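Subject: Structure handover and notes

Hello,

Here is the structure for your files. My notes follow below it.

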Amino acid sequence: MTRTDRQRWLLPSHLVEPGGNGAARPRRTVRDWIVDTSLFLLAAFVGLLAADTSAQYTSEAVTLVDQLLGAAACCALWLRRRWPAGLAIALSLLNIVAPVAAGALLASLFSVAVRKPFREVAAIGALAVAASTAQAFIRPDPTTNTGLSIALGFTLILLVTAWGMLVRSRRQLVEALRERARRAEAEAELRAAQAQRLAREAIAREMHDVLAHRLTLLSVHAGALEFRPDAPPEQVARAAGVIRDSAHEALQDLREIIGVLRAPGENGDGDRPQPTLATLDALIEESREAGADVVLDTTVAEPAAVPAATGRTVYRIAQEGLTNARKHAPGTTVTVTVRGRPGEGLTVDIHNPAPAGPVPHVPGSGQGLIGLTERAALAGGRMEHGPAPDGGFALHAWLPWPS
């Protein structure tokens, strides 16, 4: 459950997504019930005060009618979310002959200011001011000056309308920020998906080159057998063994490349040599020549014995880890640890401490790690990365190494 779901009751109903029951409007939240009840009680309190004042100079029959109209006006406030404009117009007209509806009128004007555009709010507000002015002459209060009554009604209507418009502006700002956050999340997901796709395409290109090399080797030996059918049995057996091994390795590579699409419009790089675990030392040396402090700790005695696909993945992981360390923690000591044996798998750990000072943010950070995670998963392994306990950054990967 997310934080937004836990605090759902704190949000207005218009900020809560409608449920899947086909309802046209979202149901009231707990916050809405509290607000509606508070406005109802406040309007009833103002109406009681007005009724008590009116009873001092009117007959019992008029007082009873005022009380009934005031009760109906307060109960009508429960419809303010569905028909805010119509309710405000009706209460404005009722307020001309029934001062007890003043509280309900102010509450309905607040709802109009929150939910309607400025032009409609201004028109209904002007009607409410006119109705309040007319009431000062039709149902005057003998204890209050007529001019003071008109000024007080105008001030209250203006304050309530301004308050509602302020709430409307704040809600619009919140909705704009939510939309911006949703758009940013969608863009981040799109960038992550693009990084995964690019990683798959890079793996496909590498596997294509290796597969082409193996198939070329297989074709050469098969051609030799075709043109030298009278070769000694030892040479024939040796060539057949090479063909069998090459076909087996090509089949393994082909299984890894299935499901990975090659980027359209791009050509391969020919028969270039692909990096493996045996070339990891050269990568470390290049980083040291560039000024990085790198420590390599490996227990793999024969790097050439590691499968080519696994070795390439290890090389790419170390390459990306060293690149990230140069970008985000320059001047620190990077430790690259490689452990493993056939049948148990191969582990790669890259760690760097926190930088000594502030480091400027690098745009597009994190995309390389997404690609590495995808590469490790395609190789049958897994990769984890994140902050280290000492404040630095750690990367751990495990890759299969068959017996």
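How exposed is Trp-33, going by its relative accessible area? Keep in mind that this is a predicted model. In it, Trp-33 has a relative accessible area of 45%. Because that value falls between the 20% limit for buried and the 50% limit for exposed, Trp-33 counts as partly exposed.

Aromatic residues

There are 3 aromatic pairs in the model. One of them joins Trp-33 and Trp-78: the ring centres are 5.9 Å apart and the planes meet at 45°, so this pair is classed as tilted. An angle under 30 degrees would have made it stacked, and one over 60 edge-to-face. The two residues come from distant parts of the chain, 45 residues apart. Trp-33 belongs to helix H2 (residues 30-54), while Trp-78 is in the loop between helix H3 (60-76) and helix H4 (84-97). Trp-78 is partly exposed, at a relative accessible area of 29%.

Trp-78 also pairs with Phe-40. The centre-to-centre distance is 5.9 Å, the angle between the planes is 35°, and the pair is again tilted. This pair too links distant parts of the chain, with Phe-40 in helix H2 and Trp-78 in the loop between H3 and H4, 38 residues apart. Phe-40 has a relative accessibility of 22% and therefore counts as partly exposed. Taken together, Trp-33, Phe-40 and Trp-78 make up one aromatic cluster.

A charged residue also sits over a ring: Arg-82 lies over the face of Trp-83, 5.6 Å from the ring centre.

Helix H5

Helix H5 covers residues 102-115, which is 14 residues. From first C-alpha to last it reaches 20 Å, close to the 20 Å expected at 1.5 Å a residue. Of its 14 residues, 11 are buried, so H5 is largely enclosed by the rest of the structure. Among the buried residues are Leu-105, Leu-109, Phe-110, Val-112 and Val-114, along with Gly-103 and Ser-108.

Helix H11

Glu-374 is in helix H11 (residues 367-378), and at 12% relative accessibility it counts as buried. Apart from neighbours within four places in sequence, Glu-374 contacts Gln-196, Ala-199 and Arg-200.

Arg-375 is in helix H11 as well. Its relative accessibility is 10%, so Arg-375 is also counted as buried. With neighbours within four places again left aside, Arg-375 touches Ala-202, Ile-203, Glu-206, Thr-313 and Arg-316.

Strands E3, E4 and E5

Which strands pair with E5? Strand E3 (residues 345-352) pairs with strand E5 (residues 393-399) in the antiparallel sense, over 7 bridges. Strand E4 (residues 382-387) is also antiparallel to E5, and 6 bridges join the two. Leu-395 in E5 has a partner in each case: Ile-350 is bridged to Leu-395, and His-385 stands opposite Leu-395.

E4 and E5 form a hairpin, with 5 residues between the two strands. In the turn, Gly-391 has a positive phi of about 95°.

Regards

Methods. Residues numbered from 1 in each chain as written. Predicted model: local features only at pLDDT ≥ 70, side-chain atom pairs only at ≥ 80, totals over all residues. Heavy atoms only, no water. Helix = DSSP H or I, 4+ residues; strand = E, 2+ residues; numbered from the N terminus. Expected span 1.5 Å × (residues − 1). Buried < 20%, exposed > 50% of the residue type's maximum accessible area, 1.4 Å probe, protein only. Phe/Tyr/Trp six-rings, centres within 6.5 Å; stacked < 30°, edge-to-face > 60°. Lys NZ or Arg CZ within 6 Å of the ring centre and 35° of its normal. Contact = heavy atoms within 4.5 Å. Pairing = 2+ DSSP bridges.
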